[in-house]
Amino acid sequence: MSDMHQPAALSTCPSCEWPLDSGDLYCGACGYNLSAAPVSPDDRPTLAINGLPRTAAAPDAWPAAPEAAHDTRGDIVASETQDADDVRVRESADARDGHAERDEAAEPDDYPLPAPDPRATAAAAPAAEPKPAGDAKICVACRAGSVAPDGYCENCGHAQPRERDHMERELDAVAAVSDRGLRHHRNEDSFAISTAALPDGSPAVVAIVCDGVSSATRPDEASAAASRAADASLRAALPRGIHPQQAMHDAIVAAADAVNALAAEPATAREHHPHQNAPACTLVGAVVTGGLLVVGWVGDSRVYWVPVDRTGPAVRLTEDDSWAAQMVAAGLMNEAEAYADERAHAITGWLGADAYELEPHTASFKPDRPGVVVVCTDGLWNYAEAAEEMAAAVPADAAERPLHSAQVLVGHALDGGGHDNVTVAVLPFPAASRGAGSA
């Protein structure tokens with residue numbers, strides 16, 4: 001190594017001005033070959049072309065540096081006298097500022113175009129709200145993540161509101177509202193409302209309200225299936241001239257069949273989930289015509305009659321299929337004692353494959369004055385149990401504003417504590433010919 005050429009003593013690299021140590025053969029920053037370079041003069045590279053910095057041309061007095069082979073990207077330089085292991089990435093001051101340092105011999109056309117300023121790009125094109133792939137929904141909390149099939153955001157984990165948490169439907173002659181309540185994690189109630197034409201062309205209005213049995217498997221599916229089946233049965237029967245009370249009975253049977261069908265399962269299902277039981281729900285419904293009011297029920301959901309003028313008494317039109325009702329009917333307890341018992345709300349009748357025996361209850365009434373019919377689950381009547389309490393909760397203009405009245409009644413239950421799902425339908429009596437449809 002004694003015959004190696006010794007470089008001139010330099011304090012900084014003549015190419016990038018990087019501080020040098022005594023004995024350096026190459027610049028530690030840019031890889032410049034220092035073996036034949038003189039001490040750098042006082043001038044500095046200051047020229048900028050096309051936005052890219054360049055070094056100043058060397059005076060004629062300077063010895064020519066060994067020709068360098070430049071990568072077309074301008075970021076890797078290898079000297080002819082360097083071994084392959086000595087190739088380095090240039091990190092000059094200009095390169096650290098985001099520019100690629102190029103050799104003076106390069107032609108202007110060789111300079112790459114500068115990258116666009118991201119600030120200008122953002123100003124020109126406002127950021128669009130992120131959209132998930134496919135038909136996935138965007139999280140209502142973070143507005144960025146997609147909602148997974150289980151109802152939770154894949155980004156922030158936030159639970160999304162379910163469609164059934166709060167439902168409202170309104171036709172001209174009937175309206176219904178259902179809410180999850182304040183304590184339950186899901187809404188297991190369901191409802192269906194519709195209108196139909198009787199054979200003489202007069203209108204009939206239908207409301208079905210179902211309450212899923214929480215101790216059963218898939219109670220929300222049971223209530224939805226029952227409400228749809230009963231509504232479809234009534235809409236098919238009433239135009240054919242079947243008496244509304246018989247049509248209501250048949251509708252309850254159809255609803256029971258729909259819930260029973262949910263119990264069908266593979267033969268091995270019980271082996272893996274031995275503690276599951278059949279889906280189940282209760283049902284209550286009403287049909288209002290020009291002069292007739294028909295109700296039907298199985299379970300402990302109820303129907304109340306409230307006169308418009310409030311001069312007559314409000315009346316409960318159904319009797320619960322419950323432990324408390326049985327105690328009162330048997331004369332073993334008065335109503336106050338029975339409903340104060342912790343077993344009061346244990347139902348004795350329901351729709352489901354494991355029901356003891358299906359016994360649809362139906363009744364017909366001919367009110368002598370206009371009124372409103374309130375069809376509801378126990379999520380409401382627990383906070384307005386007596387007929388007088390329910391009448392006090394029903395707005396005075398309920399016959400003209402059934403949807404508003406249903407909203408008010410659900411609010412009454414929520415204000416009372418909302419311990420259960422709450423569902424209520426409001427039907428003005430007599431039925432007015434205002435249109436037809438279903439929901």
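1. Arg369 has 27% relative accessibility, so Arg369 counts as partly exposed. Buried means under 20% relative accessible area, exposed means over 50%, and partly exposed lies in between (1.4 Å probe, protein chains only). The side chain of Arg369 meets that of Asp368 in a salt bridge, at 3.1 Å from N to O. A salt bridge here is a side-chain nitrogen of Lys or Arg within 4 Å of a carboxyl oxygen of Asp or Glu. Asp368 is exposed, at 67% relative accessibility.

2. A word on the basis. This is a predicted model, in which local features need pLDDT of at least 70, side-chain atom pairs count only at pLDDT 80 or more, and totals for chains, interfaces and linings use all residues. Residues are numbered from 1 along each chain as its sequence is written, and side-chain values use heavy atoms, with hydrogens and water left out.

3. How many salt bridges does a search of the whole structure find? The search gives 10. One of them joins Asp165 to Arg180, with the closest N and O atoms 3.7 Å apart. Asp165 sits in the loop between helix H2 (118-124) and strand S6 (166-171). Arg180 sits in the loop between strand S7 (174-179) and strand S8 (189-197). The pair therefore ties together parts that are 15 residues apart in sequence.

4. Is Asp165 buried or exposed? Asp165 is buried, at 13% relative accessibility.

5. Arg401 and Asp397 form another salt bridge through their side chains, at 3.2 Å from N to O. Arg401 has 41% relative accessibility and counts as partly exposed. Asp397 is partly exposed as well, at 24%. Elsewhere, salt bridges with shared partners link Arg186, Glu188 and Asp220 into one network.

6. Now the whole protein. There are 10 helices and 17 strands. Both are DSSP runs numbered from the N terminus: helices are H or I with at least four residues, strands are E with at least two. The protein has 439 residues, and 42% of them are buried.

7. What share of the contacts with a separation of 6 or more comes from residues 24 or more positions apart? The share is 61%. A contact means heavy atoms within 4.5 Å.

8. Last, the surface. The protein exposes about 22,900 Å². Carbon and sulfur atoms supply 52% of that area. Accessible areas come from the Shrake-Rupley method with a 1.4 Å probe; for residues, only the protein chains shown count as cover.
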